[in-house]
Amino acid sequence: MTKEHHIEEKLIAQLKEQKYVYREDIKDRKSLEANFKLKFESLNRVRLSDSEFLRLREEIIEPDVFIASTKLREQQYFQREDGTPLHYTLVNHRDWCKNEYEVINQLRINTENSHQRYDIILLVNGLPLVQIELKKLDVSHRKAMQQIVDYTQSPGNGISYTLMCIMQMFIVSNGSKTIYFANNKNQHFQFNADEQFLPVYELADINNKKINDLDLFAEKFLAKCKLGEMISKYMVLVQSEQKMLVMRPYQIYAVEAIEKCVEQNRGNGFIWHTTGSGKTLTSFKASTLLKAKDEIEKCLFVVDRKDLDRQTRDEFNKFQPGSVEENTNTETLVRRLLSTDYADKVIVTTIQKLGLALDEKSKRNQQKAEKGIETYKSRLEPLKDKRMVFIFDECHRSQFGDNHKAIKSFFPNAQLFGFTGTPIFEENSNIKVREDQYEQYKTTEFIFEKQLHAYTITNAIEDRNVLKFHIDYFKGKGDEKPKAG
């Protein structure tokens with residue numbers, strides 16, 4: 001049976017091939033901090049005295065993992081001994097690929113109450129951001145996870161009171177099965193024997209096939225730029241719950257597909273992700289990434305019911321407080337569409353409000369026209385040729401009518417993306433459309449051009465993201481009818 005140190009040696013060798021620098025000299029807290037000081041000074045182009053570094057270290061070390069993770073992602077302020085300010089960052093936020101990636105092993109963090117040792121740690125600019133716990137085949141992942149949680153919860157532990165406080169992610173592997181999960185506060189580390197409550201992730205390819213082999217996992221997940229992207233783009237800090245989330249592979253593939261379509265200005269598309277798979281988080285991340293693109297004028301997330309409007313706004317603002325505001329009526333929506341404020345670049349609205357704004361025959365627009373007041377549609381003329389992105393929730397419900405035509409007609413340069421858990425195919429469509437002499441069924445693909453990614457109910461059941469279900473049959477009046485169970 002393969003021993004742990006053999007798995008460790010093999011992984012280190014692979015990471016070296018992937019251009020990580022192996023620092024076998026870093027084995028304790030003192031050498032870890034000395035290395036971080038050098039990396040910090042290089043990144044921020046500064047030289048700190050020993051006393052300045054000690055003060056800086058104490059400011060960085062934060063027992064609250066959520067606050068520590070926020071510090072990692074934001075510019076910080078430090079006052080030097082001569083009174084001058086130092087605005088610093090811990091990593092290169094603009095380009096994570098340009099950070100320095102190192103691998104260390106068998107680190108011992110000795111504090112007053114702990115003498116813990118860690119198998120492999122990945123350093124980014126000298127900061128320990130990923131811990132990898134390796135076990136033999138006959139040792140359960142549950143036991144390794146419990147060890148990690150025990151380490152984080154033990155009094156005076158080496159994680160909360162050293163640079164280890166900024167740890168972002170844990171990986172557990174026995175070589176043939178590999179899982180990962182986000183670091184979090186103690187109250188978020190709750191799981192039973194079946195690992196039902198702790199969010200545990202398995203890497204998967206774009207077709208949702210699991211990647212459990214450690215060699216392949218390291219190649220796909222631990223590539224330097226990919227790991228930086230995972231931490232910077234696809235970990236979400238949920239402010240309202242003071243909790244960190246890692247996006248699931250299928251969510252990431254969906255976001256990447258939308259981003260690629262927009263970057264290449266390559267038409268529309270739809271995402272088939274089953275109900276309960278976290279479409280709101282996926283659409284939130286897609287929206288916020290598109291918000292950062294200068295070429296995009298606005299990104300609208302469109303729902304088809306007022307209650308979903310409120311629910312979606314609440315979810316978006318849970319992920320990032322103040323990210324979207326309420327559009328109480330069509331007038332508010334129009335003003336926000338015309339606003340140049342960066343805060344108004346992402347808008348959540350109902351398709352009814354949007355349709356009303358674009359329908360000159362609507363009662364509200366006709367009343368305005370009769371009074372000589374500029375209509376909603378005419379006010380929106382400056383946006384007509386801008387690049388707009390529309391993301392529709394449960395897109396099959398509301399996209400087979402006039403509103404969809406109005407949006408496409410008014411915004412010819414817009415790109416439309418739909419999320420649905422139940423796409424409409426030819427075999428379950430009951431609407432036909434005629435173009436010239438041809439007639440065909442109206443499907444999700446007909447409306448949105450192409451499927452960008454799929455994560456079906458079968459995938460979700462396999463991942464235990466949703467509960468299994470079964471069908472009971474009963475007889476009534478001589479006929480057999482299905483009854484959901």
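Are Phe40 and Tyr88 buried or exposed? Select the two: Phe40 is buried, and so is Tyr88 (buried is under 20% relative accessible area, exposed over 50%, partly exposed in between, with a 1.4 Å probe and protein chains only).

Before moving on, note that this is a predicted model, where local features need pLDDT of at least 70 and side-chain atom pairs pLDDT 80 or more, while totals for chains, interfaces and linings use all residues. Residues are numbered from 1 along each chain as its sequence is written, and side-chain values use heavy atoms, leaving out hydrogens and water.

Now show the rings of Phe40 and Tyr88: their centres are 5.2 Å apart and their planes at 65 degrees, so the pair is edge-to-face. Rings of Phe, Tyr and Trp (its six-membered ring) pair if their centres lie within 6.5 Å; planes under 30 degrees apart are stacked, over 60 edge-to-face and the rest tilted. Phe40 sits in helix 2 (residues 29–44) and Tyr88 in strand 3 (residues 85–88), 48 residues apart. Helices (H or I, at least four residues) and strands (E, at least two) are DSSP runs, numbered from the N terminus.

Next, pick Phe410 and Phe411, another edge-to-face pair, at 4.8 Å centre to centre and 85 degrees between the planes. Phe410 has 2% relative accessibility and counts as buried; Phe411, also at 2%, counts as buried too.
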